[in-house]
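Here is a short briefing to read alongside the model. It looks at a salt bridge and then at a pair of packed helices.

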Amino acid sequence: MTTLTAERRAALGRRAQWLALATVLYNTVEAFIAISAGKIAGSVGLVGFGLDSIIEVSSGLIILWQFRHAMPESREQTAQKAMAFGFAALALFVGYEAISALVRREAPDVSWVGMLLAALSVVIMPFLSYAQRSTGRELGSGSVVADSTQTLLCTYLSVVLLVGLGLNALFGWWWADPIAALALAAVAAREGWRAWHGEGCCAVGNSGTPCSATSTVDDCCSGNVATGPERVDACADGCCSGEHSKSSTPQLVQLGRSSDA
């Protein structure tokens, strides 16, 4: 596996932050439009889509929080647990609202704004997700990869939402909207489960070599993964044990520059 230099790691850390910032900005606007249009049209699926955008905003903020630390890998587990809670909350709320809409047989109004928003996300989100995933894999960051999964999830949900809104607009199939919302809730629950059981110990040490995804708490940063003066054995979350070498001073990754912690 290719070893990352300190400069490359810093550059990837900054890229992860810029991508997270782009996610936050886009999804903030998307959430406002989706929830507003969903409330006006009485669309559970559209409101759920907006709430998912809020989850993505929180995910981006978590990544920004993580990479403002001197050792971002020490916040991997906390970051993924926080994402899992967000997904769980989304699944419970949207699932309840969708089932209620089906029981009450509530027919939403046609929302052309919602369909346009969903179509726009189908085009934009795959590119953002790809950039996040490639960055996360090179860094060996499970939380950045999880963030890319959330972004890709937005693409799938956009397609589901577009189909649901379209069927209601074209054929008056009112039940397509809550069914689309239930599909959204199911996917959110699945991703929450995966985030909760994520690879909290799959972070890159200062050697630039990612720990194995199957590593245990005791051997994540053991000598057979990263040895010599660049060995990292002092993750703040207890992932690794031992003393941190003086020659492996952590670097604080910041937007636009990096400085010593």
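A salt bridge here is a side-chain nitrogen of Lys or Arg within 4 Å of a carboxyl oxygen of Asp or Glu. By this rule the count comes to 1 salt bridge. Please keep in mind that this is a predicted model, in which local features need pLDDT of at least 70 and side-chain atom pairs count only at pLDDT 80 or more, while totals for chains, interfaces and linings use all residues. Residues are numbered from 1 along each chain as its sequence is written, and side-chain values use heavy atoms, with hydrogens and water left out.

**The salt bridge**

- R8 pairs with E138, and their closest N and O atoms are 2.9 Å apart.
- The pair links distant parts of the chain, 130 residues apart: R8 lies in helix α1 (residues 6-41) and E138 in helix α4 (residues 112-139).
- R8 is partly exposed at 31% relative accessibility, and E138 is partly exposed at 29% (buried means under 20% relative accessible area, exposed over 50%, partly exposed in between, with a 1.4 Å probe and protein chains only).

**The helix pair**

- Helix α5 (residues 142-171) and helix α6 (residues 176-196) pack at about 165°, with axes 8 Å apart.
- α5 and α6 are therefore roughly antiparallel (angles over 145 degrees count as such).
- From α5, the contact residues include L153, L157 and V160, and from α6 they include A180, L184 and V187 (contact means heavy atoms within 4.5 Å).
- The contact residues divide into 10 nonpolar, 2 polar and 2 charged (Ala, Val, Leu, Ile, Met, Phe, Trp, Tyr, Cys and Pro count as nonpolar, Asp, Glu, Lys and Arg as charged, and the others, Gly among them, as polar).

Technical notes. Axes fitted to C-alpha atoms, helices over the stretch in contact; angles between N-to-C directions. Helix = DSSP H or I, 4+ residues; strand = E, 2+ residues; numbered from the N terminus. Parallel < 35°, antiparallel > 145°, perpendicular 65-115°, else oblique.
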